[in-house]
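The following exercises are to be worked through with the sequence and the three-dimensional structure at hand. Each task is followed by a solution in steps.

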Amino acid sequence: LHEFMSSRGLSPELTGRLKSFYMLKFPTMRIHDEEAVIEGLPIGLARAVKIELFQDVLNLSPFFYGMSLSAQNSRETVAAEGRSSVAGDICMRISTLYKTLGLQLTTAGDVPNAMYIVRTGVVSIQDRSSEREITLAKPGDVVGEMALLGLSRDGKRLRTSVCLTMCEVCMMTQSDVEELLQLEGFRAPLRRMLASYVDGLAGRVLTSSKRAQDGAVVT
């Protein structure tokens, strides 16, 4: 790029615009199609590459608790485990996206087509009706999984999520998740996580109800 701009004698203003464009398009400075490179590999080699690329995401995210490969193991051991594990199946279905400041990952009311794991950066999670910020999604957090797993009443997105920084996110499409749900090694940890979530929700409801009753008695 620098050689092109220099040889053509482009103005400083246009040079700056070109640099900004390519920084947005290739934030990691890697000008290649990662998925195209992997797709050309034999399945065994592609799986090994995917495991090495994304095992840190599985270890980082609580969503994949019980499905990930041990971070303490050597690369050789991880590769051997991954060849026959659900973690390897998950890694095979992950792809990388880069989003700049202000871009949306999900939009409330939309039909879900993917879920995202934040690898780097910060994402604002906003309320469906008021656009009020509810929480922040940081590295390891999952965005957009609730509606995708059928946990919204109308089957549509519950929240809008907006990147507050340059973000690297790992995407799994709806078809990826549906394929993984055929595997007991994926379903069982997910079932435990959802049961824990429901138990926690029930506990908060009971606590809130008791406080309301105590307040009524005092009054």
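**Exercise 1. The sheet that contains β1**

Solution. The model examined here is a predicted one.
Step 1. Locate β1 and β8 and follow their directions: the two strands pair in the antiparallel sense, and five bridges are found between them.
Step 2. Identify a facing pair: K99 stands opposite C167 in β8.
Step 3. Consider the helix on this sheet. Helix α4 (residues 43-60) packs on the sheet and touches β1, β3 (114-120) and β8. The direction of α4 makes about 95° with that of β3.
Step 4. Place the strands in their sheet. The order of this open sheet of four strands is β1-β8-β3-β6, and its pairing is antiparallel. The edges are formed by β1 (95-99) and β6 (142-143), each of which pairs on one side only.

**Exercise 2. The sheet that contains β2**

Determine the strand order of the open sheet that includes β2, and describe the pairings within that sheet.

Solution. 
Step 1. Read the order across the sheet: four strands are arranged as β2-β7-β4-β5, with antiparallel pairing. The edge strands are β2 and β5 (133-137), since each pairs on one side only. From one strand to the next, the twist averages 25°.
Step 2. Examine the pairing of β2 with strand β7 (residues 160-163): it is antiparallel and comprises two bridges.
Step 3. Examine β5 and strand β4 (residues 123-126): these run antiparallel and are joined by four bridges. Here I125 stands opposite T135 in β5.

**Exercise 3. The surroundings of T106**

Is T106 buried or exposed, and which residues does T106 touch?

Solution. 
Step 1. Find the residue: T106 lies in strand β2 (residues 104-106), where T106 stands opposite S161 in β7.
Step 2. Apply the cut-off. A residue is buried if its relative accessible area is under 20%. T106 has a relative accessibility of 4%, and therefore counts as buried.
Step 3. List the contacts. Leaving aside residues up to four places away in sequence, T106 touches Y116, V143, G144, R157, R159, T160 and S161.
Step 4. Look for polar atoms among these neighbours. The side chains of T106 and S161 are joined by a polar contact of 2.6 Å. A polar atom of the T106 side chain also lies 3.2 Å from the backbone oxygen of R159.

**Exercise 4. Confidence in the model**

Over which residues is the pLDDT below 50?

Solution. 
Step 1. Begin with the chain: the average pLDDT is 82, and 84% of the residues score at least 70.
Step 2. Turn to the stretch in question: residues 71-79 have a pLDDT below 50, and beyond near neighbours in sequence this stretch has eight contacts in the model.
Step 3. Draw the consequence: where pLDDT is low, the predicted coordinates should not be read in detail.

Definitions and conventions: Residues numbered from 1 in each chain as written. Predicted model: local features only at pLDDT ≥ 70, side-chain atom pairs only at ≥ 80, totals over all residues. Heavy atoms only, no water. Buried < 20%, exposed > 50% of the residue type's maximum accessible area, 1.4 Å probe, protein only. Polar contact = N/O pair within 3.5 Å; in protein donor to acceptor, adjacent residues only side chain to side chain. Contact = heavy atoms within 4.5 Å. Pairing = 2+ DSSP bridges. Axes fitted to C-alpha atoms, helices over the stretch in contact; angles between N-to-C directions. pLDDT = per-residue confidence, 0-100.
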